[in-house]
Amino acid sequence: MQKWLMAGLVCLACIVGAVLLLTGLPQKEQSAERDNKIVVPDRAVDASASEQLYKISCLSCHGDQMQGKLGPELTHVGTQMSKEEIYKQIANGGGGMPAFKERLTEDQLLTLTTWLGSLK
């Protein structure tokens, strides 16, 4: 009888632990998302450097006039996305877009983000 009681208690403890773990995961994901929040600092738009970066990194998918090709058009992306959303999209990619965080420096990411964010 004691063996069954002990086995039952161990099973109950495992079930309670699993429930606590599963119900705690959304909170952990939300706090991790908060901790990873990107704040793009205000800075002057360097159009020349931005256009050069665009030609090297973006033109093949977004077109020579930002009209869109494989990727969406970007002529007014600053009205559709915040600077932080633009930064995350460029850095992390997604939706068919490759990530550029390993290809561009932080300064280049911020330069391109600031310029694209100014396109209203």
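Two residues are in contact when heavy atoms of theirs lie within 4.5 Å of each other. Keep that idea in mind as we walk through this predicted model.

Let's start with helix α6, which covers residues 106-117. Its 12 residues reach 16 Å from the first C-alpha to the last, close to the 16 Å expected at 1.5 Å a residue. Where does α6 sit? Nine of its 12 residues are buried, so the helix is largely enclosed by the rest of the structure. Those buried residues are Leu109, Leu110, Thr111, Leu112, Thr113, Thr114, Trp115, Leu116 and Gly117. The cover over them includes α2 (47-57), α4 (77-80) and α5 (83-92).

Now look at how α2 meets α6. The axes of these two helices come within 9 Å and cross at roughly 105°. Angles of 65 to 115 degrees count as roughly perpendicular, and α2 and α6 are therefore roughly perpendicular to each other. On the α2 side, the residues that meet α6 are Ala47, Ala49, Ser50, Glu51, Leu53 and Tyr54. Their partners in α6 are Gln108, Thr111, Leu112 and Trp115. Sorted by class, this contact has six nonpolar, three polar and one charged residues.

One of those partners, threonine 111, deserves a visit of its own. This threonine lies in helix α6, and because its relative accessibility is 10%, it counts as buried. Leaving out residues up to four places away in sequence, threonine 111 touches Arg43, Asp46, Ala49, Ser50 and Leu53. Threonine 111 and glutamate 51 are 60 residues apart in sequence, yet their C-alpha atoms are 9.8 Å apart in space.

Next comes the largest nonpolar core, which has 19 residues. Which of them touch the most other members? They are Tyr54, Met66, Ile90, Leu104, Leu112 and Leu116. Helices α2, α5 and α6 each supply at least two residues of this core, and the largest share, five residues, comes from α6. Take isoleucine 90 as an example: beyond its neighbours within four places in sequence, its contacts include Leu104, Leu109, Leu112 and Leu116. Met97, Pro98, Ala99 and Phe100 are also among them.

With 13% relative accessibility, methionine 66 counts as buried, since the cut-off is under 20%. What is the phi of methionine 66? It is positive, about 60°, although this residue is not a glycine. Most residues other than glycine have a negative phi.

Definitions and conventions
Residues are numbered from 1 along each chain as its sequence is written. This is a predicted model: local features need pLDDT of at least 70, side-chain atom pairs count only at pLDDT 80 or more; totals for chains, interfaces and linings use all residues. Side-chain values use heavy atoms; hydrogens and water are left out. Helices (H or I, at least four residues) and strands (E, at least two) are DSSP runs, numbered from the N terminus. The expected span of a helix is 1.5 Å times one less than its number of residues. Buried means under 20% relative accessible area, exposed over 50%, partly exposed in between (1.4 Å probe, protein chains only). A nonpolar core is a set of buried Ala, Val, Leu, Ile, Met, Phe, Trp, Tyr and Cys residues joined through side-chain atoms within 4.5 Å. Axes are lines fitted to C-alpha atoms, for helices over the stretch in contact, and angles run from 0 to 180 degrees between N-to-C directions. Angles under 35 degrees count as roughly parallel, over 145 as roughly antiparallel, 65 to 115 as roughly perpendicular and the rest as oblique. Ala, Val, Leu, Ile, Met, Phe, Trp, Tyr, Cys and Pro count as nonpolar, Asp, Glu, Lys and Arg as charged, and the others, Gly among them, as polar.
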